Amino acid sequence: MGALLKSEWRKLTYARAHWGLLIAGILIAGLGTAVTPVILDNPDSGFGISLDQTAAVDAVYANAISAYFFAIIIGIMLMSGEFRHGTAVATFLTAPKRGTVLVTKLVIAAIGGMLVMVISTAAGLAGGWIALSFFPDAASPTSEVFINTMLAAVVSGAILGIVGVALGTLVRNQMLAITGALLYLFVIDPILLALAPDAGKYLPAGLITAMLAIDIEAPEFGIDTTAFLPPLTATVVLL
């Protein structure tokens, strides 16, 4: 088991594609958080909140978690990559018990997803702090927003990494699995959250948002986090 874990860890750390995903996650989280103050400071944005409000500044920092979809891609690639590159035969010959292989991949994917989320979220928080320094009238954030955001990064990264391995196991075509996951996260999940918020709050995007414990009410944009689950409940449901 120990040797298998080391082998899977090498597959995670030696693959250049995984490092590319990490870099992309850092850029998306950092830049995405950095531009949020500019959007909220625009009076024509229509969000109904401004940077002189604590809720708006908290929303800026909460956006640091926006690269969460990279965690699920990491998990998909860890498993589907075995079939894409033809290494599955060698892997299963080395460890004939496929359940053992699956467990080790789930563990490594959880660690990989967590690391991607922690690093990218930290970059996002830094990007938000730098951007907000150019707005002297910006309010101070609540102390809980940083803790909640990092906790959400750890939990969501680990869980989505595990989900990615599950998808890569069921759908062995890597491109199809990644495309399907992104389609769900960026299209289906937001639509369900907007059209059926009472049900959407139990889906990944709603749960991850709820873990941040930020109340934003903008029904014209389909955003209303005031009715979401409490942070601890959302964490348990996501788990």
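Does Arg 10 count as buried, partly exposed or exposed, and at what relative accessibility? The tour comes to this residue after a look at the whole chain.

**Stop 1: the whole chain**

Show the protein chain as a cartoon. This is a predicted model. The protein chain has 11 helices and two strands. Follow the elements from the N terminus: they run α-α-α-α-α-α-α-α-α-α-β-β-α.

Of the 239 residues, 44% count as buried. Consider also the contacts in the chain with a separation of 6 or more: residues 24 or more positions apart account for 78% of them.

**Stop 2: helices α1 and α6**

Select residues 2-14, which form helix α1, and residues 98-132, which form helix α6. How do the two lie relative to each other? Their axes come within 9 Å and cross at roughly 45 degrees. The two helices are therefore oblique to each other. The crossing of α1 and α6 is right-handed.

Next, show the side chains where the helices meet. On α1, select Leu 4, Leu 5, Glu 8, Trp 9, Lys 11 and Leu 12. On α6, select Thr 100, Val 101, Thr 104, Lys 105, Val 107, Ile 108, Ile 111, Gly 112 and Leu 115. Colour the selected residues by type: the contact of α1 with α6 divides into nine nonpolar, three polar and three charged residues.

**Stop 3: Arg 10**

Stay on helix α1 and select Arg 10, which lies in this helix. The opening question can now be settled. Arg 10 has a relative accessibility of 43%, so this residue counts as partly exposed; the class covers values between 20% and 50%.

Arg 10 and Ile 108 are 98 residues apart along the chain. Draw a distance between their C-alpha atoms: the separation is 9.9 Å.

**Stop 4: Leu 239**

Go to Leu 239, in the segment after α11, the helix of residues 231-238. Is Leu 239 buried or exposed? Its relative accessible area is 66%, so Leu 239 is exposed, the cut-off for that class being over 50%.

Which residues does Leu 239 touch, not counting those up to four places away in sequence? Select Val 155 and Ile 159, for Leu 239 touches both. Finally, draw a distance from Leu 239 to Ile 159, C-alpha to C-alpha. The two are 80 residues apart in sequence and 6.7 Å apart in space.

Notes: Residues numbered from 1 in each chain as written. Predicted model: local features only at pLDDT ≥ 70, side-chain atom pairs only at ≥ 80, totals over all residues. Heavy atoms only, no water. Axes fitted to C-alpha atoms, helices over the stretch in contact; angles between N-to-C directions. Helix = DSSP H or I, 4+ residues; strand = E, 2+ residues; numbered from the N terminus. Parallel < 35°, antiparallel > 145°, perpendicular 65-115°, else oblique. Left-handed = near helix turned anticlockwise from the far one by under 90°. Contact = heavy atoms within 4.5 Å. Nonpolar A, V, L, I, M, F, W, Y, C, P; charged D, E, K, R; others polar. Buried < 20%, exposed > 50% of the residue type's maximum accessible area, 1.4 Å probe, protein only.
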